[in-house]
Amino acid sequence: MDAQTSTGTPAQAVVPDRASTDDGLVALSYILSGIVFYGGLGWAGWQYLDQIWMLAAGLIAGMAASMFLVIRRYSPTTASVAQTTEKEQ
């Protein structure tokens, strides 16, 4: 049975914006891959150089680098902000 509103017309399905879902998954993959890659380098340093602090440093560096990439990718650039301001005037 189809969902209907109180007026008797069929209700429209709410469909999430595909672009925003994809952007969220890309940001999540950046963060996870940064942690895994640099954490792996830190783990290797820990194993081969017997310096346990390298694991923590690798995990923190991976998080910082991936957050930098996410912010840089999704923040508006100066040129695009200037173009938007010019269009509004």
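Helix α2 has 22 residues, and at 1.5 Å a residue these should span 32 Å. The end C-alpha atoms of α2 are 32 Å apart, which agrees with that expectation. The model is a predicted one.

Which residues of α2 are buried? They are G58, G62, S66 and V70. Seen down the axis of α2, these buried residues fall within an arc of 95°, so they line one face of the helix. The other side of α2 carries exposed residues: W53, I60, I71 and R72.

L69 also belongs to α2, which covers residues 53-74. L69 is neither buried nor exposed: the cut-offs are under 20% relative accessible area for buried and over 50% for exposed. With 46% relative accessibility, L69 therefore counts as partly exposed. Along the chain, L69 and I31 are 38 residues apart.

Helix α1 comes next. It runs over residues 18-49 and contains L28. L28 has 45% relative accessibility, so it too is classed as partly exposed. L28 also contributes to a nonpolar surface patch, together with L25 and L32. The area of this patch is about 290 Å².

| Residue | Relative accessibility | Class |
|---|---|---|
| L28 | 45% | partly exposed |
| L69 | 46% | partly exposed |

Key:
Residues numbered from 1 in each chain as written. Predicted model: local features only at pLDDT ≥ 70, side-chain atom pairs only at ≥ 80, totals over all residues. Heavy atoms only, no water. Patch = residues over 30% accessible without salt bridge, like charges linked within 9 Å, V, L, I, M, F, W, Y side chains within 5 Å. Areas by Shrake-Rupley, 256 points an atom, 1.4 Å probe, with all protein chains shown as cover. Salt bridge = Lys/Arg side-chain N within 4 Å of Asp/Glu carboxyl O. Helix = DSSP H or I, 4+ residues; strand = E, 2+ residues; numbered from the N terminus. Buried < 20%, exposed > 50% of the residue type's maximum accessible area, 1.4 Å probe, protein only. Expected span 1.5 Å × (residues − 1). Arc of directions from axis to C-beta.
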